[in-house]
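Take a moment with the model below. Follow the chain with your eye before reading on.

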Amino acid sequence: MAPSTHTVTNQVPPLVGYDVFAGDRALTEAVERHLAPGILREAQEELSTLGRAAGSAQAQEWGAQANENPPKLRTHDRYGHRVDEVDFHPAWHRLLGHAVTAGLTDAWGREGGHVRRAAGFLVWTQAEAGHGCPLSMTHAAVPALRTDPALAAEWEPLLTSHVYEEGLRPASQKAGVLFGMGMTEKQGGTDVRSNTTRAEALAADGEYLLTGHKWFCSAPMSDGFLVLAHTADGLSCFLVPRVLPDGARNPFALQRLKDKLGNRSNASGEVEFDGTWARRVGEEGRGVRTIIEMVAATRLDCVVGSAALMRQAVAQAIHHSAHRSAFGGLLIEKPLMRNVLADLALESEAATTLALRLAAAYDADTEQERAFLRIAVPAAKYWVTKRCSAVVGEALECLGGNGYVEESGMPRLLREAPLNSIWEGSGNVQALDVLRALQREPGALDAFLREVGKARGADHRLDAAIKDLLTELADLEAVEARARRLVERMALVLQGSLLLRWAPPEVADAFCASRLGGDWGSAFGTLPHSLDLATVVERARAGES
């Protein structure tokens, strides 16, 4: 018989066995808002199926196993031959296989594809975020390859396939493939024009041999990679297959895998090219322009991925507070805890609403929406990914000491949180990208202001914020030093506009009062006490079965 001191009381049951999609009101409403009626029901059914899988005990166990057993590099076989393979725990393959089967690499060729995929990505990566990298790279490679119709015809059906096949074989022998990317090098990082990798043209048109290195090679177990290298005409984009059409291994020497803060389930490596066969993608000397659409798509995934991390962290914090008692009542009923939870919920809903609005702009694919994305994507990437670490850290604190323990899952979320702010260009890169769009593309600013202006007159705090923003935008001389402040304001004004149009009044009011009206402290949990915080918290509570 167990000693009486070991009787367990007042411990919170795990948040498991629920529909991650259906339990997220901000997300379900966004999907309903942005998808045409003819495809809405089918998409909702698909997303609920994925949501139930993401909220299952099985998926949560896969996520834990994949992170507890990180990938291992195998450079040689037992006989001394180079193989340069990465071995993953079976849980990683199960997560990745489920994601591919659910269509998370298939957006470009179906109606509402970007909204459907973004919603699915937001749902499924709450189970485990690391395997989102190859999903994102594979999805984002499509627009770059479309600059070469022949390459697109060969590779796009495999990239968008709903079939996952692990193992390295010629692409022609697989029903589906994954792609990675290699842009940055030791000496340059984000400054890719300082790359030293060289491409030597072969006799066959469009074929080259590469010599050089990549300091960060994303998803090195993939079937193909888009990389940058210099030709005689300048920096160019290339497709590097891991296995050549005849079955021989392409020279692809993995030097080591990065030992990262988070993202432990995913492999990121350093790779050397030495006579590595490649096909040019796009024109010589136009490598950055060719690959930029891939970068834009992966930046949007940074926004979606951060929204997913925030949503899961907030769901866990509210779930804990709804079941944990202290000082004579449930935590969720305590005014100060309710303020914290509501503040976190606002940040999460604003991120989700913005992410799905950007995905919808990709689906619309009009000149106006493309111009809007030119500013909105880097602005959103800057702000949403920056807020992620703060949100997850505060949500972890809501669980107290239990949140600091690995079994809670919160430490994994916290380690993952900074990644999206760094990946595909850190904060300064995003802010400067917005400045370039403002200075070189007047249509982008016009599209942004049109979007923001759709809520003008709905709230005096938004109106005042728009006025202040216009004053700042009127003077772009010597603006670099204040670029972060400007881009932050742009992102907040955009989020405020979207919430005023689409969120419940309680959510929009709280957001405008705090983020735009200045009635807010320097930490979460400092919202005006007069707001309807209970409604905000209840809206963000994850559905439980």
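Does Asp 365 count as buried, exposed or partly exposed? Asp 365 counts as partly exposed, because its relative accessibility is 47%. Here buried means under 20% relative accessible area, exposed over 50%, and partly exposed in between, with a 1.4 Å probe and protein chains only.

This is a predicted model, in which local features need pLDDT of at least 70, side-chain atom pairs count only at pLDDT 80 or more, and totals for chains, interfaces and linings use all residues. Residues are numbered from 1 along each chain as its sequence is written, and side-chain values use heavy atoms, without hydrogens and water.

Stay with Asp 365. It sits in the loop between α9 (335–364) and α10. Helices such as these are DSSP runs (H or I, at least four residues), numbered from the N terminus. Asp 365 has a positive phi of about 55 degrees, although it is not a glycine. Most residues other than glycine have a negative phi. Asn 10 also has a positive phi, near 55 degrees. Asn 10 lies in the segment before α1 (25–34). Its relative accessible area is 34%, so Asn 10 is partly exposed.

Now move along α10. This helix covers residues 367–398, 32 residues in number. At 1.5 Å a residue it should span 46 Å, and its end C-alpha atoms are 45 Å apart, which agrees. The expected span is 1.5 Å times one less than the number of residues. α10 bends by about 35 degrees at Leu 373. That bend is the angle between axes fitted to the seven residues ending there and the seven starting there. Of the 32 residues of α10, 23 are buried, so the helix is mostly covered. Just after α10, Gly 400 takes a positive phi of about 65 degrees.

The buried residues of α3 are Ala 59, Trp 62, Gly 63, Ala 66 and Asn 67. They cover an arc of only 120 degrees around the axis, which puts them on the same side of α3. The arc is taken from the directions from the helix axis to the C-beta atoms. An α-helix has 3.6 residues a turn, so residues three or four places apart point the same way. The face of α3 turned away from its buried side carries the exposed residues Ala 57 and Glu 68. The buried residues pack against α2 (37–54), α4 (90–101), α5 (113–124) and α11 (410–416), with contact meaning heavy atoms within 4.5 Å.

Note on methods:
Helices (H or I, at least four residues) and strands (E, at least two) are DSSP runs, numbered from the N terminus.
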